[in-house]
Every structure is written in structure tokens, then in C-alpha cells.
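Here are a few notes to go with your first look at this one. Have the sequence and the model open side by side as you read.

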Amino acid sequence: MKRLTADELRQQYLQFFKDKGHAVLPSAPLVPHGDPTLLLTGAGMIPFKPYFLGHEQPPYTRVTTCQRCLRTVDFDHVGMTDRHGTFFEMLGNFSFGDYFKEEVIPWAWEFVTEHLELPEQKLWVSIYHDDDEAFAIWNGTIGVPESRIVRLGREDNFWQIGVGPCGPCSEIYLDRGREHGCDDPHCKPGCDCDRFLEIWNLVFIQFYQDERGELTTLERKGIDTGMGMERTAALLQDVKSIFEIDVIRPVLDTAAGLAGVEYGSDSRADVSLRVITDHCRGITFLVHDGVLPSNEGRGYVLRRLLRRAARHGRLLGIEGQFLNRIVDVVLRQMRPGYPELEGREEFIKKVVGLEEQRFHETLDQGTAILKQLMEKEGKKGSTQISGRDAFRLYDTFGFPLELTREMAAEQGFSVDEDSFAEAMEAQRQRARAARSETGYLGEQVEVYKALQDQGGSEFVGYTDLQTDTSVMALVRDNEPVEAVGPDQHVVVVLAETPFYPEGGGQVADQGVLIWEQGRAEVKDVKRPLEGVVAHHAVIKAGTLEVGDGVQARVAENERWDTARHHTATHLLHKALKDLLGDHVNQSGSYVGPDRLRFDFTHLEALTGEELRAVERRINEVIMSNYPVESSVKDLEAAKEMGAMALFGEKYGSAVRVIQIGDYSLELCGGTHVPATGSVGLLRIVSEGSVAAGVRRIEAVAGHLALDVLQEMDAVLEQTASVLNTAPESLADAASRVVEQRRGFERELQQLRQKLSASAADDLVQSAETIGDVSLLVSEVDAGDMEELRNMGDSLRNRLQPAVVFLGTRNGSKVNLVGMISKDIAGPELHAGDVVRTVAEICGGGGGGRPDMAQAGGKKPDKLPEALSEAAKIFRERLEGIQGRVEK
């Protein structure tokens, strides 16, 4: 076998298929583009799903990639074995209607035998049980003996993900020897033992599976292969596990060094080291790809990975925050294969550091609560944590369910996950409409497929806001119809359209469709398939039929406002990069007729000075009236020009480039003004935080910006009038008012102190004496709890030794405080016990130490009763103590 580093294996694979006519494409992000049906990229083919489905035309028919992937299906197994991981790299080659089995099988054999130099006599293959075509190639063309070709069933060797393209598989295995296997003398691929290691999976996409599970042969067949990079590297480097290959072992060794343990010397420590190593690799790329910690979706995956890694660090005895020291090593090890990590290190570490800090702040509290829950259940003879309690840990303390389950299992407890799921779903229903997070098809698009095959819709909206066109199709409830009448909602597909479909952060156009004796209002516009524009409309008058001629008119004022905001968004992006640094990258956007919203990576709030500088820079560019020009370029040529790619857009081999003078150059499919002067004016209206390391700016342009300025002028004039000053003197006048108020507050405080001192004298005089202890129970006038505590403390000091109990009413609330001299406080004279008991009378609760306690309540009318009860309790206890002393 040829010994290769991970970087060498990755490069040799890509070069091999490049030599076979494949386009080498970079890894797509872990966040699947424009696909709400998938949580994360979990396979090499995910970025090409639209091509396999036929929804988009691929820019190349042969592609090869090394795709970063993350799967959570094996989450609980990570750390427990030396082969499971959430993050991995998948080497793959793909054919979209180009080559098929006759080519890919010989290529795979050539690569593993000639380039990886694996011994042919140790290689086995599996095929789908009735795939005689694959058998003929493996046996007849390649020469693999029939004895080393294993036929397996649908569960093992047929690839499918619900409705959609699917097909049989063929896998290549290496026989590692009997010493790695079971006792079965007939052991072969398909056995659960570790003897046969799967190296490469070749998927032959030749069928389409419908909702009934029936298969039809595809006209254009495809190839999807996957070779696990880490697993193959472990084989070539002759190490026992993926954690020991050259690109991962330094990460593990760093964790071991921080913990002061040696990998392999303690099985429990090894579990934690593997968890930290794997999870930090996933964490690094999730944050790089724009995922931020949250309690749902992708953010929840990131949070559970990060918090599980942090907890395992604590189990190893690592004190304080440490994850970024591991992330540093991940960045160093992965940068050769993923140069896009360059420049994002600071942002990644900031997000990781903030989330780890938050977790440490809640971990101790959450752990203590979980311990109490287990003790409570144990006393009842139960070994299960309720789903409700587990959900409270999740919702209040940020404990992922997996962490609660893991910590509970260590003490022999389980979690009622069914009731946890019910609580989670109830919260989702309250917060938002539930959305599907898994599946293969995101929406019913088959109804539009025939229209795509006919050429789809021609978009003319870059130059025209109205056009004469014809109706290609009408769709209601995902079914084609021939005609629709008044008040019906319908999706209209036109041969040509000036309506911009929602995409790239820009909202869809609105407008009208007009025909003889008829009219429809266009409320929304989508692109269900590449080249097909769907107009969601309401028929206002007449009947509309397929084939009718219509005039499509975009709402002109709204389109121009949207265009102003889109061009302004490009100017804002460039200004932020220039003034804050190149780490600024777009994380999301909204571009509409009413405003623009721009989310970007930055680690702290912008100062007022920075915001003014950004706004000034943009308005200077607007006044320079630079031309805004669009052109279509080859993707590589556009990148060489320095064009920036915008968040949320997917690019083919040909891209649209928006150039704003010599100031800005971005890839963009949106609508823009012809020159920056048409933006008119830009005004930033807000800046704030969206998540850790992500800021948001909202702004308005054109007449909307003028409206904001005029509204601000009106407020200034009105405020100046109230303060009897000119607008330009408003700051000085406001300062004088504030200073006057502070003076009044000081005088008021002095008066209150005098009154309080006088009242305190009266209270001291009213105290009763039991033995040598003063007892004072009274209602007083105090502004807040702090003032009440100070008053009680002062009275206790003056009456030493003393028991002081005070109450005050503030609106609909009650405050109580108990103070006892420390030399007499104890089990019999316990301020906390009495306060807790008396607070219940006022509809509240509280407690504290023997010498000081406080409480609140909701029934101010019950205060006299509460004070009477407190006096009774303390009087009885003091008299009891006095009686024993006299005896």
C-alpha cells in the first residue's frame, strides 16, 4: 500500500478524476444552498441534488470534489468507538447523464490498485443482488473472481432517499485479515465484524422512485461515488483509527496535553479525547459556514457539539475555557485543504469562545439541578428523568437533550424522551409554524418540470417593467388547471415576465396582469425550478385561461425603491469592509421597497463615530454618481476580477457581475439603479446584534431616507419648543434639565433621610423588651427593598441585641425584611424561617440567613396580618428562651 498523508490523498484523488475530464469544484458549505428540506450537508452529492433531480442544468457533466460533511446520526456513538465521527470529508466523482457503470467501475479499480497500490488479492466488492450488469464488469472486464463478489440486498446496496432518483450500489472492501474478524469461516462483506473495511461506494443512479415506491428507468443516468477520506487515510497510514491519521492526531494530542493524559492509557479518557477532537472539527467548519449557536435547527447542532466537547473537557479535568486552543490546531491542520479558512479565524474563535463562556456560566447550575432531580427520582424508586424536567434544562439552561441523557446515564438514569419531544413540539407550535427539517423534496415541483423542459419563462425584468406575453400554465393546489375565475388564487406561469422572483435577499416584485375584460393582482413571485417563474396571483376580474395573451406590469415605484436599496446594499458591504476590515462578510440580507437589512460578521457594536463614517462614505459614493453596470462572465473570470460572492446565491459556470464604477464588484442576480446618484440618499436607522459575532444594520434610501430626516427634524423642533430653546441649543438645554433633576433628587433624598431619622427615633421608642432583647415589628414607609434593608440594619444596630421585622407597601406589592443580632440568631431565632412563613400570608415567598432575610408578596392588604403573625412568633420564641434562662 502507498503511504499518503490526508492532503496527498485528497490531491491525488481530485487530480485522477481531473485527468478523466472532470471539473474539480471546491467543497460546498455545510449549510445546503436553498434547500429547506435538509439540515446539513451530509453527503458529497448534496450540492448536486438539483442536477440529479433534473431541476437545474449542471454547468459540467463530470465533476469531482472533496466535500466537507457533517452527520448527527452517529452522535451518541462518537467517542465510544475509534471509527465514528460527526465531521468527515467525502471524496467523490459525479456524472450527470455522461458516463455510467462501464467507465466508473474500471476507473475505481485503477485508482485503488495503481494509485493507492492496494493489493488486488485483498480487495472484495459487493453489488446489488440483481445487478448482473455490474457483476459482468467486475468479473468479466476487471477480473475480480466471483468468489470475491458478494450480492447484497436493498438495505445494504441500494441507495435511496424517499421520492426521487435512486439506484443500486457497488462497494469496494479491503480484507484486513482474520485477526480483525469473527469466528465465521465464511465471513465476507456484509458481516458486522471489522474484518472487511469499506473503502468506496459507487452509486448507479438509474431509477426514479415515486410515492408508491415504484421504480422507472431514468433516461439520463448518473453516477455518485463516495470515498471516506479519513477512513482511507487510516488504512494507507496503517493506524488503528481515523483519530490517528496525520491531519487529526495533532488535534487529539493537543486535547490530551491540556488534560495531562496520554491517549490509549485510559479508556474513559480516550472517549472524552475523541469527542473533543471530532466535535471541534465540526464546530470549526459550522461556524465558518455561517451557523451560529441557537436552540433550533443547525444552530442547535452546533450548540450541542460545542457544549458536549466543553463538558468532556471538564470530565478530563481541563479548567476554564479551552476549546479555542483545539480550534487553533484544527485551523492549522485543515487550512491546506480548505484555504477559505484564511481570514475567518478570529471570527470562528470569537463565536466559539462566547458560546463556551455561556455554557460554563450555566453548567454548574444545570448540573446541580440535574443532580437534585436524580436524587428526587431515586427517593421515589424511579430511575427516569421526566421529559418535562429535561426540557426545562434544555430551555432554561441550554442543556442539549443529548447532554442530559449522557450525564443521567452515567448515574444509571434514563430520560423520558417521548414527553421531552412533546414539550419541544408544543414550544415550536407556540413560537412558529413547524417546518420539515428532513426529506428529499422540499416542495411539489413536478408540476413545473414539463414547463422547464419546454424552455421555461424568459425574464426580461432587468430592462422592462411591462411586457406583452402569454400564459403557459395555471396551477391551483399543485395541480394544473385550464382556467380560473374571479377571486381565485392561482399560480400563473408566463412565457416572458418582467417580474423578479424572490431570491438573493431581494423580495419579489408585485404588480398586475391585464387582459381583455380581465385583471389579476400579482402578490408574490417564486422560482420553483431553474428557468420557471411562478406568479402567485388573485383574479380580480374576468376569466384567465391557458394560452391567453396578457400584459404583465410590475409596480414601478416599489421596483425602483427596491433597486435603490439593492444598490445601496452593495455600497454598504464595501464601506463596511473598507472601514472595519476584511473580516466583514455578509451573513444575510433583506432588500425590499421599504428598507434594506444587512447582517454581517463583526465582533462588537459599531460606535457612533463608525456608523457616521460608514454613512458618509456611502453618500459620497452616491453623490459621485458612479455607473452601475451588469455583465455576464465565466465564474472563474469573475473571481479573477475580484468579484465578491453574496450570501444566499448559488452560482453556475456563467455569472452576472454588478460593477459600481471602480468602487464595488459583486456577483449578483438582483435589480439595480443605473447609477449611484439614483439612490439619492442613504440613512442608517439602526445597528444591533443578531447573534454572537453577527451585527445587523438597517437603512433606508431615496425618498424614504428623506422622510426619516424630516421626521427627526420635526421631533427636534417639537422638543426644542417644549424646552423653550432653539434646535441647535437643544443639547445644552437638555443638560440643564438633567442637572436640575439631579439637584431635586438630592434634595428629596436629604428630606427622606431626615424624615427617616425622625421615624427611626419613634420606632426605637416603640420597641418592646423581652428579657434583654429588643423586639420591633412595624410597617414603615420605604421606597424599595434596599431602603428597607438599610432601615432594618440601622434599627438593629441601635437596639442591640434586637429582633427587627419591617414591612412596606409599594403599590400592589409588599416587601418584608427580618434582622436579628448575630449573637442571638440561631435555630430558635431564625430570620429566614419566620420571613418565609409570614410571606405566605402576603401571597409571596422568600427566605435567607438566621440573621437577615427578605421576601416579597402580592397582597398588600394582608401586611397588617403578616406583621401581627411575625410579632406573635418572635414574642413566643423570645419568651420561651427567657423562661429557660430564668429557670
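1. A quick term to begin: a salt bridge is a side-chain nitrogen of Lys or Arg within 4 Å of a carboxyl oxygen of Asp or Glu. Aspartate 594 and arginine 595 form one through their side chains, at 2.7 Å from N to O.

2. Some ground rules. This is a predicted model, where local features need pLDDT of at least 70 and side-chain atom pairs count only at pLDDT 80 or more, while totals for chains, interfaces and linings use all residues. Numbering runs from 1 along each chain as its sequence is written, and side-chain values use heavy atoms, with hydrogens and water left out.

3. Back to that pair: buried or exposed? Buried means under 20% relative accessible area, exposed over 50%, and partly exposed in between (1.4 Å probe, protein chains only). Aspartate 594 is partly exposed because its relative accessibility is 36%, and arginine 595 counts as partly exposed because its value is 24%.

4. Now look at arginine 281 and glutamate 230, whose side chains meet in a salt bridge at 2.9 Å, N to O.
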